[in-house]
2 protein chains.
Amino acid sequence: MNEADFLALLRPLATHPAARGFADDAAVLGDLVFTHDMLVEGVHYLSDDPPGEVAWKLLAVNLSDLAAKGATPVGVLMGYTLGVDTAWDKAFVTGLSCALEHFETALLGGDTVSNPAAPRVLSLTAIGRSSIAPSRSGAQAGDALYVTGTIGMAGLGLAELRESSAATGENVERYRRPTPRLSEGRALGPIVHAMMDVSDGLLIDAQRMAAASNLALEIDIDAVPIVGEWMAALTAGDDYELLFAAAPDAALPVNASRIGTFAWGTGLTLCDASGPVPLPNPLGWLHQAAAQ
Amino acid sequence: MNEADFLALLRPLATHPAARGFADDAAVLGDLVFTHDMLVEGVHYLSDDPPGEVAWKLLAVNLSDLAAKGATPVGVLMGYTLGVDTAWDKAFVTGLSCALEHFETALLGGDTVSNPAAPRVLSLTAIGRSSIAPSRSGAQAGDALYVTGTIGMAGLGLAELRESSAATGENVERYRRPTPRLSEGRALGPIVHAMMDVSDGLLIDAQRMAAASNLALEIDIDAVPIVGEWMAALTAGDDYELLFAAAPDAALPVNASRIGTFAWGTGLTLCDASGPVPLPNPLGWLHQAAAQ
């Protein structure tokens, strides 16, 4: 059973409106927003990634989901599997402390368990506050699709680290220390029709927004602000930019690239200046396909 | 580094009042209560425990923390490591569905990750609503210590399962399907000075309440409603009864046994009809010692 199959099994359990049918990045209860993401050693980060960077990433990937809901972080709860490497654990806490301070949020609680023989499994629930919390399902026919920042650097960084764990540079930095677009998310909240973060890859995440909105989507790949080779960039995860649908004439409060158009229908299509382009397979980073 | 050492490292990160200095079962933000507990295969449950019972336990141990804050469950977010055993995953979801229905709560979201080679690590954040949310640090000198129900059955059940994984009966049932004392917690909320659940063992949890309240505590072990041998019962975990401090003349809205008295000073002491009794070592189930 893959993660999509498991999510399908779980969907009948989303009986509360706060769950948004598991079709969103976060649960929304009144003006509070909740998200819960895990990192598994060797799956979501490399075993020799510095522990302080792992702590940053654990926090950042969750705050990115809050950003996509236009939320301000309130606090987090963490689940931590304590290993046998005390230096690692200490460096992790130091990194977590810096990251919490950087994002002006706090650790509210959590749980520590023993799991010495196995890969580390880190879980985090982030709580945020948002008066708007746009869903990923609200895109309208005729809306334009936009993305903030650039796409592909984190994927390049991961590839460089797989070549050499001593790799450094801005791509590696982007992979290890993603920046959740919190201020951009808050600014965009009032004007977007749908918003989500790009965590598993631009194409797979855009496809999810179109499907959740019951619309077709065409992406002009020439318009995507890509770093590196286009197919790798469009299908790599971990960029944590914001992807949003808004009216094509909306005045955007942040810098973003217009990369596609929603229309009545279903399905994702790609084009460039010369015409239609076949979809890559897979569309994105399926290891990270998440319940939310 | 053990879990207490790790918690000490984390404590400076509890900069938000909602964290209650990590000295409580849950974080409290307005009228919302949050708790996050993990279960690790082979640590918190046995590998051959039925998957539906594991789902029940994952939910129940978190709802027990809500019960201790007098809260009504609102919903939960779950983190799940998907393995290679599809039948197990399906049975888990069926059990989770039953348990959510039983406790009248809903899955709001979460995350699914791949971790095929390793023990399962399950995480859950439970969200509840409580207008009172008693802490574990509010006991007053002269208060009596009370416990609901009986203590020791879950420990006996675990011992029976370790003898034979085919063991059945009420002790095994108690170990696998604990009952969070939600209605008792709500009834007790307005009259207690401090409350927590008994998850790691009566003595270690009572010691934590006394320490958090800056008081000494004497427990009359003859008064504890024990099932089985006294030392095993007092130090075994997983009973999930409520332990609370209240005025000795308070009218209790639920059945509970008066088992001790708080006084100025520090430390836990035990006595029986013949006088002082030495403390057992360890006092409780340290594998489960949790950040909350």
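Helix α2 (residues 51-68) of chain B packs against helix α3 (residues 86-102) of chain B at an angle of about 45°, and their axes lie 7 Å apart. Because angles under 35 degrees count as roughly parallel, over 145 as roughly antiparallel, 65 to 115 as roughly perpendicular and the rest as oblique, α2(B) is oblique to α3(B). Axes here are lines fitted to C-alpha atoms, for helices over the stretch in contact, with angles running from 0 to 180 degrees between N-to-C directions. Helices (H or I, at least four residues) and strands (E, at least two) are DSSP runs, numbered from the N terminus.

This is a predicted model, in which local features need pLDDT of at least 70 and side-chain atom pairs count only at pLDDT 80 or more, while totals for chains, interfaces and linings use all residues. Residues are numbered from 1 along each chain as its sequence is written, chains are lettered from A in the order in which they are written, and side-chain values use heavy atoms, with hydrogens and water left out.

The contact between α2(B) and α3(B), meaning heavy atoms within 4.5 Å, includes Pro51(B), Trp56(B) and Leu59(B) from α2(B) and Trp88(B), Phe92(B) and His102(B) from α3(B). Its residues comprise 12 nonpolar, three polar and no charged; Ala, Val, Leu, Ile, Met, Phe, Trp, Tyr, Cys and Pro count as nonpolar, Asp, Glu, Lys and Arg as charged, and the others, Gly among them, as polar.

Helix α3(B) also meets a helix of the other chain. The axes of helix α1 (residues 3-10) of chain A and α3(B) come within 10 Å and cross at roughly 25°, which means that α1(A) is roughly parallel to α3(B). Phe6(A), Leu9(A) and Leu10(A) in α1(A) touch Asp89(B), Lys90(B), Val93(B) and Leu96(B) in α3(B). In this contact, five residues are nonpolar, none polar and two charged.

Across the interface as a whole, chain B and chain A each contribute 60 residues. The two chains bury about 5,000 Å² between them, 72% of it on carbon and sulfur atoms; buried area is the accessible area (1.4 Å probe) that two parts lose on being put together, summed over both.

Some backbone details remain. The peptide bond from Asn281(A) to Pro282(A) is cis, with omega near 0°, and Pro282(A) lies in the segment after β12 (275-277) of chain A. In chain B, the bond from Asn281(B) to Pro282(B) is likewise cis. Glu104(A), although not a glycine, has a positive phi of about 55°; Glu104(A) sits in the loop between α3 (86-102) and β4 (107-114) of chain A.
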